[in-house]
Amino acid sequence: MELWVLPRWGTLELMARILLLMQDCERRVFVGQQGRSAEDERVYNRRWLITVIGGPLLAGVLVVVWMFMVAQRLPTELATHWNGKNEVDGHPSLWSMAAMTVALAAGTGSGISFLAIATRSQNLLIARIGVGFGVGFGTGMVALMAAIVAGQLDLVDPSAPALSAPVMAGGLGLAFVAGAAAIWLYRPGETGRAPDRHALAMNKAVAAMTGPLAVAGQDSVVRGETMAVKVSMARWGPIISLGIGAATGVGLFFIFPLLALLGAVLGGVIWIFTRGTAMIGPDGVKVLAAGFYKVMPLQWDEIKRATVEDIKALDYGGWGYRINGGSVGFIMASGPALVIEAGFHQKFVISMPDVKTAGKAAALVNGYVHATTVKS
């Protein structure tokens with residue numbers, strides 16, 4: 001055990017041993033990252049998602065438990081917000097304070113970390129920084145709530161509440177350490193994937209104008225049929241809209257309570273663009289976000305052709321209604337999509353629930369384009 005007898009070390013030797021230990025850990029983490037399979041990579045990131053969401057949430061719950069343990073030493077109404085004149089203008093109950101603590105813990109830093117992990121394919125370094133910032137920010141917000149309450153323990157003058165400086169300083173230090181550790185420890189691997197072979201085969205079938213799929217599409221055009229395809233983010237739509245709306249509302253509450261209503265507005269707007277119906281018919285192509293808000297309207301004389309592609313959402317800027325360079329998309333997930341080429345080298349991308357539906361939609365679009373060209 002001589003290795004851990006610190007008094008026998010000099011300062012330089014201690015620093016050298018710490019550096020060697022860090023380098024050894026770095027090598028082990030890097031080798032582990034390089035050797036992960038695709039399934040191991042999914043499991044790795046799933047565990048990190050659980051950690052970055054559950055960690056701040058657990059910290060928030062522990063702080064809430066502590067709040068109720070010292071409830072008898074607190075005033076009936078807690079001060080939570082000070083205006084520009086340093087006057088208290090927010091007095092929630094302890095229950096409201098507890099709810100805000102949990103919401104901030106789970107909805108701010110965890111949300112940032114979740115987005116960083118979800119978008120890691122764009123840039124691995126930015127993903128690591130995002131995870132670290134999210135963990136640090138979530139920890140810092142929990143520390144802020146703890147400092148607000150700690151500053152009002154056994155308060156002699158109820159008119160002069162203040163933050164507890166020691167608790168805030170300690171919390172910020174812990175937030176910095178947790179964030180730095182997350183940046184150093186989180187090592188995602190590359191997320192590249194080969195195009196789905198079923199999508200490639202379906203696209204080849206769509207391109208064969210005399211094939212059965214193309215003929216079926218042309219028959220539907222003769223009958224003037226309209227195809228409606230419902231697409232959505234499934235369970236992620238409500239989770240994302242509710243999470244971002246709640247985090248925004250809680251954050252704005254501390255600036256001005258009425259501004260918290262903007263969180264509900266933002267959540268509603270996001271929800272609208274997490275589901276919709278793609279309409280393909282005699283009048284052209286359009287998408288009805290949430291079933292009523294029209295986006296991406298296209299007339300047949302604007303469209304050149306349609307294909308089926310296996311897309312990655314982040315290649316088009318993410319999920320929802322996206323405008324990214326020369327592309328416009330209504331993208332609900334990575335996977336099969338109807339890709340429409342229009343004038344001026346524009347691409348319109350619409351997520352499809354499966355490859356078969358994407359093939360039928362592309363064949364119908366090409367059928368209407370062909371009919372329009374013949375009439376012209």
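**Salt bridges and the strands around them**

Mentor: In this predicted model, the side chains of arginine 305 and glutamate 341 meet in a salt bridge, with 3.1 Å from N to O. The pair links distant parts of the chain: arginine 305 belongs to strand β7 (residues 303–311) and glutamate 341 to strand β10 (residues 335–342), 36 residues apart. Arginine 305 is partly exposed, at a relative accessible area of 42%. Glutamate 341 is also partly exposed, at 25%.

Strand β7 takes part in another such pair. The side chains of lysine 347 and glutamate 309 form a salt bridge at 4.0 Å, N to O. Because lysine 347 lies in strand β11 (residues 346–351) and glutamate 309 in strand β7, this pair ties together parts that are 38 residues apart in sequence. Lysine 347 has a relative accessible area of 26%, which makes it partly exposed. Glutamate 309 is partly exposed too, with 26%.

How many salt bridges does a search of the whole structure find? It finds three.

Is serine 351 buried or exposed? Serine 351 is buried, with a relative accessible area of 4%; the cut-off for buried is under 20%. Its side chain reaches the backbone nitrogen of methionine 332 at 2.9 Å. Leaving aside residues up to four places away in sequence, serine 351 touches Val231, Ile311, Phe330, Ile331, Met332, Ala333, Pro336 and Ala337. Within that list, Ile311 falls in the residue range of β7, and Pro336 and Ala337 fall in that of β10.

Another group of strands can be followed through β5 (residues 284–289). Five of the six residues of β5 are buried, so this strand is largely enclosed by the rest of the structure. On one side of the pairing, six bridges join β5 to strand β4 (residues 275–281), and the two run antiparallel. These two strands form a hairpin with two residues between them. β5 also pairs with strand β6 (residues 293–298), through four bridges and again antiparallel. That hairpin has three residues between its strands, and alanine 290 in the turn has a positive phi of about 60 degrees.

Of its 376 residues, 38% count as buried. Among contacts between residues at least 6 apart in sequence, 63% join residues at least 24 apart. The chain exposes about 20,800 Å², and carbon and sulfur atoms supply 66% of that area.

One nonpolar patch on the surface is formed by Leu57, Val61, Val65 and Met69, with about 350 Å² of accessible area together. Valine 65 sits in helix α2 (residues 38–69), and at 44% relative accessibility valine 65 counts as partly exposed.

Key
Residues are numbered from 1 along each chain as its sequence is written. This is a predicted model: local features need pLDDT of at least 70, side-chain atom pairs count only at pLDDT 80 or more; totals for chains, interfaces and linings use all residues. Side-chain values use heavy atoms; hydrogens and water are left out. Buried means under 20% relative accessible area, exposed over 50%, partly exposed in between (1.4 Å probe, protein chains only). Contact means heavy atoms within 4.5 Å. Accessible areas come from the Shrake-Rupley method with a 1.4 Å probe; for residues, only the protein chains shown count as cover. Patches are made of residues with over 30% relative accessible area and no salt bridge: like charges are joined within 9 Å, nonpolar side chains (Val, Leu, Ile, Met, Phe, Trp, Tyr) within 5 Å. A polar contact is a pair of N or O atoms within 3.5 Å; within protein, one must be able to donate a hydrogen and the other to accept it, and residues adjacent in sequence count only if both atoms are side-chain atoms. Two strands pair if DSSP finds at least two bridges between them.
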